[in-house]
Amino acid sequence: MPTGGSDPVREAARLLAERRNAVVLTGAGISVESGIPSFRGSQGMWAKYDPMEYATLHAFMQSPRKVWEMLSEMVSVCGGAAPNAAHASLAALEEMGVVRAVITQNVDGLHQAAGSRRVIEYHGSMEELICVHCWKRYLTRERWTPGAVPLCDCDEILKPNVVLFGEPIPWLAQEVAEEEARTCGVLMVIGTSAQVSPACDIPRLAKDAGAAVVEINPEPTSLTASVTDIHLRGSASGVLRLLLKELSLDDETPSSESSGH
Ligand code: NAD
Ligand code: ZN
């Protein structure tokens, strides 16, 4: 879809206003401004912890205490973080009827904390722990203390209820996410490098079913040249603020049929 040299923010706002059934796919980038580092890049978690040693189900089953060195850092970083303006803007867009669902790869719970109601947690959540032996679940904040590994009542070491490499996507999340992607008018892809499969297939699925793909990211990604219709280059909070402003202006434009008082 050519943007024809027009302002890309205005063009994206026009699509969102016209179609009013946007779905959003978010990744680690949307939470960077909340102080949660993404995994890739020099400041990322993978610079410190090799994902094959620390983030696979196999690694957890073999050496859960070692994997908890990384997990503890994630629990404390996520637990201390608050939603930022980008999370708040998405909640506002849902409230306005522009966005109907957020599919997130993040495990930090910040979309819900900001007020988004329909959130599909594609990779699970750090807020819950699960026993790999008896499957009992616990709230992380009730079971985890810094410096210790959390234990189940059955004495097994608990695993956060997140998708580690080598684990399948929770079937309901995958089913609902695919349905949302296939039926939305606009898919906004925010703060993901789109390298983690199968989440990275969601934009293509939406596009093939007829959706416009709007990407918000300061950098180009593997999607930008092949799938993205409009790339809004910048931080999630900055670009969403501009989009909200543009959409509010649209709402304020008096229609020719409205009667004066
Ligand atoms: P990623 O680290 O691969 O990519 C992050 C992307 O965000 C990059 O493309 C980067 O250019 C962009 N970005 C950086 N700052 C941004 C900003 N201010 N606004 C918008 N975009 C910005 O992240 P990913 O693609 O989500 O893959 C990482 C995986 O690790 C995910 O599956 C996720 O589950 C997990 N993860 C989650 C969290 C979290 O819950 N907050 C944090 C780190 C990783
Ligand atoms: Zn147990």
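For the residue classes used here, Ala, Val, Leu, Ile, Met, Phe, Trp, Tyr, Cys and Pro count as nonpolar, Asp, Glu, Lys and Arg as charged, and the others, Gly among them, as polar. The model on screen is predicted.

**Stop 1: the shell of ligand 1**

Select ligand 1 and the 25 residues around it. By class, this shell holds 12 polar, 9 nonpolar and 4 charged residues. Now pick out Arg40, Gln105, Asp108, Thr192 and Ser193, which come nearest to ligand 1.

**Stop 2: polar contacts of ligand 1**

Go to Ser193, where a polar side-chain atom is 2.5 Å from an oxygen atom of ligand 1. Next, show the side chain of Asp108: one of its polar atoms lies 2.7 Å from a nitrogen atom of ligand 1. On its own, ligand 1 has 860 Å² of accessible area, and the protein covers 89% of it.

**Stop 3: the zinc site**

Select ligand 2, the zinc ion, together with Cys131, Cys134, Cys152 and Cys154. Each of these residues coordinates zinc through SG, at 2.3 Å. Along the sequence, the donor residues follow the spacing C-x2-C-x17-C-x1-C. The arrangement is tetrahedral because the 4 donor atoms subtend angles of 103 to 123 degrees around the zinc ion, and tetrahedral requires all angles to lie between 85 and 135 degrees.

**Stop 4**

Colour Cys152 and Cys154 by relative accessibility. Cys152 has 3%, so it counts as buried; the cut-off for buried is under 20%. Cys154 has 33% and therefore counts as partly exposed.

Terms used. Residues numbered from 1 in each chain as written. Chains lettered and ligands numbered in written order. Predicted model: local features only at pLDDT ≥ 70, side-chain atom pairs only at ≥ 80, totals over all residues. Heavy atoms only, no water. Near = heavy atom within 4 Å. Polar contact = N/O pair within 3.5 Å; in protein donor to acceptor, adjacent residues only side chain to side chain. Areas by Shrake-Rupley, 256 points an atom, 1.4 Å probe, with all protein chains shown as cover. Donors = N, O, S within 2.8 Å, 3.2 Å for Na, K, Ca; no water. Tetrahedral: all angles 85-135°; square planar, octahedral: opposite > 155°, others 65-115°. Buried < 20%, exposed > 50% of the residue type's maximum accessible area, 1.4 Å probe, protein only.
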